[in-house]
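Please keep the sequence and the structure in view while reading.

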Amino acid sequence: MSGWLVILLMWAVTYAARFVGLSLGRLELPPFWLAFLRFVPVSVFAALIVPDVLGSPEWARRLIGAAVGGALLWRTRNLALGIPGASRRTGRRGCWGPSRGV
């Protein structure tokens, strides 16, 4: 299969999925589904963070950093404070920088 065909098929699938999602924006959902969907971002975030924190050899340090970052996010509702706060507590220079021990 050629590279251009793969790119075209990936575009078509992505466009179709986004079009369906955007067209549902005018749909009125029942209160049950609205309450259910409120928890989706939190559960996805937890699914991304927990394996990285607990699956590491330095899990205790990362757990403390995640708790500090979570507390900052919870109290301030400011993502710009929560991420650097957690990064500082775990010994990282920034979100993308290496840890001090490396």
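In this predicted model, the second largest pocket is lined by Pro41, Val42, Phe45 and Leu73. The space inside the second largest pocket comes to about 170 Å³. Helix H3, which spans residues 40-54, supplies the largest share of the lining, namely 3 residues. Sorted by class, the lining of the second largest pocket consists of 4 nonpolar residues, with no polar and no charged residues among them.

Helix H3 also takes part in a contact with helix H4. The axes of H3 and H4 come within 8 Å and cross at roughly 145°. On the side of H3 the contact is made by Asp52, Val53 and Leu54, while H4 contributes Trp59, Arg62, Leu63 and Ala66. The residues of this contact divide into 5 nonpolar and 2 charged, with no polar ones.

What joins the charged side chains in this part of the model? The structure holds 2 salt bridges, and both are set out in the table below.

| Salt bridge | Closest N to O distance |
|---|---|
| Glu58 and Arg62 | 3.4 Å |

In general, side chains of opposite charge can pair when their charged atoms come close.

How buried or exposed are the partners? Arg62 has a relative accessible area of 16% and is therefore buried, because buried means under 20%. Asp52, at 48% relative accessibility, counts as partly exposed, and Glu58, at 30% relative accessibility, counts as partly exposed too. Through salt bridges that share partners, Asp52, Glu58 and Arg62 are joined into one network.

H3 gives the second largest pocket the largest share of its lining, and its residues Asp52, Val53 and Leu54 belong to the contact with H4.

Notes: Residues numbered from 1 in each chain as written. Predicted model: local features only at pLDDT ≥ 70, side-chain atom pairs only at ≥ 80, totals over all residues. Heavy atoms only, no water. 1 Å grid on protein atoms, 1.4 Å probe; cavity = no way out; pocket = protein on both sides within 12 Å on 5 of 7 lines; lining within 4 Å. Points joined across faces, edges and corners; volume = space filled by probe spheres on them. Helix = DSSP H or I, 4+ residues; strand = E, 2+ residues; numbered from the N terminus. Nonpolar A, V, L, I, M, F, W, Y, C, P; charged D, E, K, R; others polar. Salt bridge = Lys/Arg side-chain N within 4 Å of Asp/Glu carboxyl O. Buried < 20%, exposed > 50% of the residue type's maximum accessible area, 1.4 Å probe, protein only. Axes fitted to C-alpha atoms, helices over the stretch in contact; angles between N-to-C directions. Contact = heavy atoms within 4.5 Å.
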